[in-house]
Amino acid sequence: MCISQVPTEIEDVRVFGINKLPARTAIWPSASLAKARISNYDTNEWVTSLNGDWSFHWAPDPQSRPIDFFKVGFNVSKWKKVLVPSTMEMQGYGTPIYTNSVYPFAVKPPKVMEEPDKSFTTYKERNPVGSFRREFVIPANWDNKQIILHFAGVSSAMYVWVNGQKVGYSEDSRLPAEFDITGFISIKDINTLAVEVYKYSDGSYLEDQDYWRLSGIYRDVFLRAVPKAALWDIYAQPQVDLATKAGKINLFYTTVNFTTKQADNLVLQVAVLSPSGQKVGNPFQKKLSPFASGFGVEIKAGTIELNMVDLWFSENPQQYKVLVELTQNGKVIEAYQLPLAFRKMEVKGNVLLFNGIPLKIRGVNRHEFSPKQGWYITKEEMEMDIKLMKQANINFVRNAHYPTDPRWYELCDKYGMLVMDEANVESHGLSYHKRILPGDDPDWTIVCVDRMKRMVIRDRQYPSVVMWSLGNEAGYGDAFLAMNKIARECDPEQRVIQYADMNLAADVDSQTYPSLFWLLDHVENKATRKGERGESSNEAQHGKYPTGKPFVMNEYAHAMGNSLGNFQDY
């Protein structure tokens, strides 16, 4: 094996992104309020898709990849074409692997290139590499804008080049990666984009979920235009007094300035639309401090108070809209329309309340999977999923076991589906009910905290998201206390937090596959905490028992083949 041809980053836990931009919401700005009113994840004049046919080469290992394929003069005319977004395996390249908890490669963290058992697929397909290329042009009306390249989901690691120049690197298969490519492109000419995707990386140790192991660029790729000085991120926090139905909206923003000059004379204007489309509350204006170069810190801009608000319920999902304009010298720079709903999930003793009413969770766990393209799900398939769930009286979905496509949250907002948003952290094959990885290791903790922070910031604006999860079946340790802390810091709503493997780091108790007899003992405070196969626990993992917290069965029935015995008994 020629180790020198294996990039070091894919086996270095300390490197999980190079030149990645900070996290932000997946709700895009527009050139005016009128355009923001019709903007959504798919439709925006400052977004242009790079989905479609890409030139493609597949290699079973890094040594076999075309190392120089990113160079502008490299000839890809004889390469095959593949669809992006999709997965490599579902288009005939490489072997799709189904495994529950056994890692598909030799387990020597953070290494993924060591020799596995000869019975493993990875013995011959050690670490498949997909080399993707396509050309693109910048829209003519994007002159004098910063150009951002957005990957919504790539598994498991990727390098990016534009016009032969290396732009950056990213890990984390389930959250976006954005890169500023303004300095790499030609505004008037054809540009070349090259992406090298590795099926396995050190990040794969945190992605040991029970599902089909696939790879590729399986979510959208697009370009975004951003004003030179603008709001990088914006978040409207809803608050409600359930006794009086009085509402309050706190607006937070983060700035960016891509120029070397200070941006002055900036004003933020904020208004609110009711579910019927009427302006409500008192709009406010705020003169902002000058934007210095680079990215700013999050700042509270102001508050709008409403006398009486309609609550968002699963059966009646009433949504408000927050309209935001940023102006400079009286001219609109950009505008947002943010979804917002007044609803309140809270813990009172051992009861979980939603809008002041004890919540009966009728929930399901949902993987992102399509029989046609694996991890690539169309919006139509998502809508079919959610309609079937609503017909079955489901009111709650756990995103098992990672953040999902932003369209899913938009649909859950619309149809009234409560969501537990789960961090992309699972190390089942090593750490289930153990303190191994991430455990207390500071390097792995940094990775987990980054994944949690990026998920919370991306998804906190969606009304349907009422609970965070720190991950799934990844053991316990200081890493999860740190994840809890960063979630609190990034979420002014202070949503309820769940994590079955370490209830000590959560607001609720949770246990995977509890038996009927255990549940009967639990309600009488007589149960003993343990794993689904009798694994023992301790106070460092779950705290003293009983805890007095609400209890959530995060998983209790798994339907595969003919398995779903005694479901009716639950």
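Colleague: Thanks! What do the buried residues of H3 pack against?

Modeller: Bear in mind that this is a predicted model. The buried residues of H3 pack against strands S27 (363-366), S28 (396-399), S29 (418-422) and S30 (465-469), along with helices H2 (379-391) and H5.

Colleague: And which residues of H3 are the buried ones?

Modeller: They are Pro406, Arg407, Trp408, Tyr409, Leu411, Cys412 and Asp413. That makes seven of the 10 residues in H3 (406-415), so this helix is largely enclosed by the rest of the structure.

Colleague: Nice. Let's move to H6. How many residues does H6 have?

Modeller: H6 runs over residues 478-490 and has 13 residues. From first C-alpha to last it reaches 19 Å, close to the 18 Å expected at 1.5 Å a residue.

Colleague: Which residues of H6 are buried?

Modeller: Ala479, Phe480, Met483, Asn484, Ile486, Ala487 and Cys490. They cover an arc of only 170° around the axis, which means they sit on the same side of H6.

Colleague: What covers those buried residues of H6?

Modeller: The cover includes helix H5 (442-459) and strand S31 (496-498).

Colleague: Changing topic: how many cavities of 30 Å³ or more are there?

Modeller: The structure holds seven of them. The largest cavity has about 130 Å³ of space. Its lining has 14 residues, and the closest to the centre are Ala23, Arg24, Pro176, Glu178 and Arg454.

Colleague: Which elements give two or more residues to that lining?

Modeller: Strand S11 (177-180) and H5 do. By class, the lining of the largest cavity divides into eight nonpolar, two polar and four charged residues.

Colleague: What about the second largest cavity, how much space lies in it?

Modeller: About 100 Å³. Its lining residues include Pro104, Phe105, Lys199, Tyr211 and Trp375. The lining of this second largest cavity has six nonpolar, three polar and three charged residues.

Colleague: One last stop, Leu268. Is Leu268 buried or exposed?

Modeller: Leu268 is buried, with a relative accessible area of 0%. You'll find Leu268 in strand S18, residues 266-273.

Colleague: What is Leu268 in contact with, leaving aside neighbours within four places in sequence?

Modeller: Among its contacts are Leu231, Leu251, Tyr253, Phe284, Leu288, Ala301 and Val324, as well as Gln285, Lys286 and Glu325.

Colleague: And how far is the C-alpha of Leu268 from that of Asn329?

Modeller: Those two C-alpha atoms are separated by 11 Å, with the residues 61 apart along the chain.

Definitions and conventions
Residues are numbered from 1 along each chain as its sequence is written. This is a predicted model: local features need pLDDT of at least 70, side-chain atom pairs count only at pLDDT 80 or more; totals for chains, interfaces and linings use all residues. Side-chain values use heavy atoms; hydrogens and water are left out. Helices (H or I, at least four residues) and strands (E, at least two) are DSSP runs, numbered from the N terminus. The expected span of a helix is 1.5 Å times one less than its number of residues. Buried means under 20% relative accessible area, exposed over 50%, partly exposed in between (1.4 Å probe, protein chains only). The arc is that of the directions from the helix axis to the C-beta atoms. Contact means heavy atoms within 4.5 Å. On a 1 Å grid over the protein atoms alone, a cavity is a set of points where a 1.4 Å probe fits but cannot get out, and a pocket is an open set with protein on both sides within 12 Å along at least five of seven lines; lining residues have an atom within 4 Å of a point. Grid points are joined across faces, edges and corners, and a volume is the space filled by probe spheres set on the points. Ala, Val, Leu, Ile, Met, Phe, Trp, Tyr, Cys and Pro count as nonpolar, Asp, Glu, Lys and Arg as charged, and the others, Gly among them, as polar.
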